[in-house]
Amino acid sequence: MSTQIFPTSTQIPGVDITISRKVEWDTVVQTAISGKETRVARRQFPIRTFGLKFNFLRSSTLAVGRPAVLELQTLEGFFNSRQGMFDSFLWTDPDDNSVTSQGIGTGDSTLASFLLVRPFGGFVEPIYAPNVVSNVYLNGVSQASSLWNVYPWGTTQAIGPGYVNFVNSPANGVAVTADFTYYWPARFTMDNMDFERFVNLIYDNKKVEFKTII
């Protein structure tokens, strides 16, 4: 459960604008002799697989007097630090990373912890790796940050990551909402990574693939 963040486009600017993404469920279908089907959904939420392409990865100083540009080392080092598929990391989906005034629950005078969620196309999923929770509201009124805290990805707390925890439980019927950004916990789908040098000191990578893990 690493908290390391996948390198940004600032660190590795050669990433292509094209990003492949696949959404995958896991359904068991049993068909009787009569043709009648029984279907069992084995997942409550989908797994997403992303594919990136890096058009160039510079690997050293390209001009006298200029600092070294180590984009190849940055990507390969990150991959090796994860030991391929073994360790996880955090990914920022450029098209799915923030919400505003998102409802996360309703107070009942007892419950003090609320799991962050986000909708996408009408489908609501939990968020376990919050980045920045900028505001938390009770009935639309922003609450001082001293009145709540958020458990991040990698927390050792038993309640788990992604929860907003109030010092005092919200009153019965009070709407709890939040503004926040988030990551997707992921891991690489392979134990190898291929690079090709096409110009002196410049490489490319045709595909870096990883999938969400929760």
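In what order do the 4 strands of the open sheet come? The order is β6-β14-β10-β11, and the pairing is antiparallel. β6 (98-106) and β11 (141-142) stand at the edges with a single partner strand each, so one side of each has no neighbour in the sheet. Before going on, note that this is a predicted model, where local features need pLDDT of at least 70, side-chain atom pairs count only at pLDDT 80 or more, and totals for chains, interfaces and linings use all residues. Residues are numbered from 1 along each chain as its sequence is written, and side-chain values use heavy atoms, leaving out hydrogens and water.

A few words on terms. Strands (E, at least two residues) are DSSP runs, numbered from the N terminus, and two of them pair if DSSP finds at least two bridges between them.

Now zoom in on β6. Its partner β14 (residues 175-182) runs antiparallel to it over 6 bridges, and G103 has T177 in β14 as its bridge partner. Q102 counts as buried because its relative accessibility is 14% (buried means under 20% relative accessible area, exposed over 50%, partly exposed in between, with a 1.4 Å probe and protein chains only). Leaving aside residues up to four places away in sequence, Q102 touches V117, R118, P119, V176, T177, A178 and F180 (contact means heavy atoms within 4.5 Å).

Next stop: β15 (residues 184-188), where 4 of 5 residues are buried. β15 pairs in the antiparallel sense with β5 (residues 89-91) over 3 bridges, and F89 sits opposite A186. β15 also pairs with β17 (residues 202-212), again antiparallel over 3 bridges, with F188 opposite F210.
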